[in-house]
Amino acid sequence: MIMKTLHKIRQVIDVTLSSLCVIIFALMVIIGTYQITTRYFFNKPSTVSEELLTYSFTWMALLASALVFGKRDHMRMGFLADKLTGTPRRILEIVIELLVMLLSGSVLVYGGATIMQLTMTQVTASLGIPMGIVYTVVPLSGIIIVFYSILNIIDLAVGYEREQREVKE
C-alpha cells in the first residue's frame, strides 16, 4: 500500500515536471521566434526576450535534470556497476543515490537557498525582477532530486526495479 502511494506521488511529480518542461520549451520557441523577428526584420533587438530565453533555458535544464535523476536515466560510468549483480549491485546503487542526495542537498538546496537569499536585492537588467526569484529553481530542483533519491533508495531496498515500474505504468 505504501509503495503504491509512493509510486503515485512519483508519477504525479514526473507528469508535472514533464509538462512544465514542455511548457517552458514551447515558450522558449515563441520568445525565440519573436526575438529573431524583431532583430532581423525590424532591426530592433529585444533585451527582454534575450533575458527571458536565458532564464527559461536555465529553469528547463535544471527541472529536466531533476526529472532525469528521478527516472534514473542520468549519465553514469557503469564500468563497475555493470560488472556487479544481485545484492552487491543494489548496495552500490544505494550508495550512489546517497551520494547524489548528499551533493544535491548541500550544493543545490543549501547553496541555492543561500545564493537566492543573497540576490533578492539585485534586480535583473531588462525584466526588473529580483535575481533571487530567478535562482529559486536551484533549491527547487535540489529538493526534487533529494526526494527522487529517497524514492529510488526505497525502490532499490525493496527490490523494485525500474523496469517493473515502467511495465506497470
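Arg72, Asp82, Arg89, Glu93 and Glu97 are linked in a network of salt bridges. A salt bridge here is a side-chain nitrogen of Lys or Arg within 4 Å of a carboxyl oxygen of Asp or Glu. The structure holds six salt bridges. This is a predicted model: local features need pLDDT of at least 70, side-chain atom pairs count only at pLDDT 80 or more, and totals for chains, interfaces and linings use all residues. Residues are numbered from 1 along each chain as its sequence is written, and side-chain values use heavy atoms, with hydrogens and water left out.

**Salt bridges**

- Arginine 89 meets aspartate 82 in a salt bridge at 3.8 Å, N to O.
- Arginine 89 also pairs with glutamate 93, at 3.0 Å, N to O.
- Arginine 89 and glutamate 93 both lie in helix H3 (residues 86–118), four residues apart, about one turn of the helix. Helices are DSSP runs (H or I, at least four residues), numbered from the N terminus.
- Arginine 89 is partly exposed, at 24% relative accessible area, while glutamate 93 counts as buried at 12%. The classes are buried under 20% relative accessible area, exposed over 50%, and partly exposed in between (1.4 Å probe, protein chains only).
- Arginine 10 forms a salt bridge with aspartate 155, with the closest N and O atoms 3.2 Å apart. This pair links distant parts of the chain: arginine 10 sits in helix H1 and aspartate 155 in helix H5 (residues 137–158), 145 residues apart.
- Both arginine 10 and aspartate 155 are buried.

**Packing of H1 and H2**

- Helix H1 (residues 2–41) packs on helix H2 (residues 47–70) at an angle of about 155 degrees, with axes 9 Å apart. The angle therefore makes H1 roughly antiparallel to H2 (over 145 degrees).
- Axes are lines fitted to C-alpha atoms, for helices over the stretch in contact; angles run from 0 to 180 degrees between N-to-C directions.
- The residues of the H1–H2 contact divide into 17 nonpolar, six polar and four charged. Ala, Val, Leu, Ile, Met, Phe, Trp, Tyr, Cys and Pro count as nonpolar, Asp, Glu, Lys and Arg as charged, and the others, Gly among them, as polar.

**Helix H1**

- The buried residues of H1 include Leu6, Arg10, Asp14, Leu17 and Ile24.

- Asparagine 43 is found in the loop between H1 and H2.
- Asparagine 43 has a positive phi of about 55 degrees, although it is not a glycine. Most residues other than glycine have a negative phi.
- Asparagine 43 is exposed, with a relative accessible area of 67%.

Technical notes
Helices (H or I, at least four residues) and strands (E, at least two) are DSSP runs, numbered from the N terminus. Angles under 35 degrees count as roughly parallel, over 145 as roughly antiparallel, 65 to 115 as roughly perpendicular and the rest as oblique.
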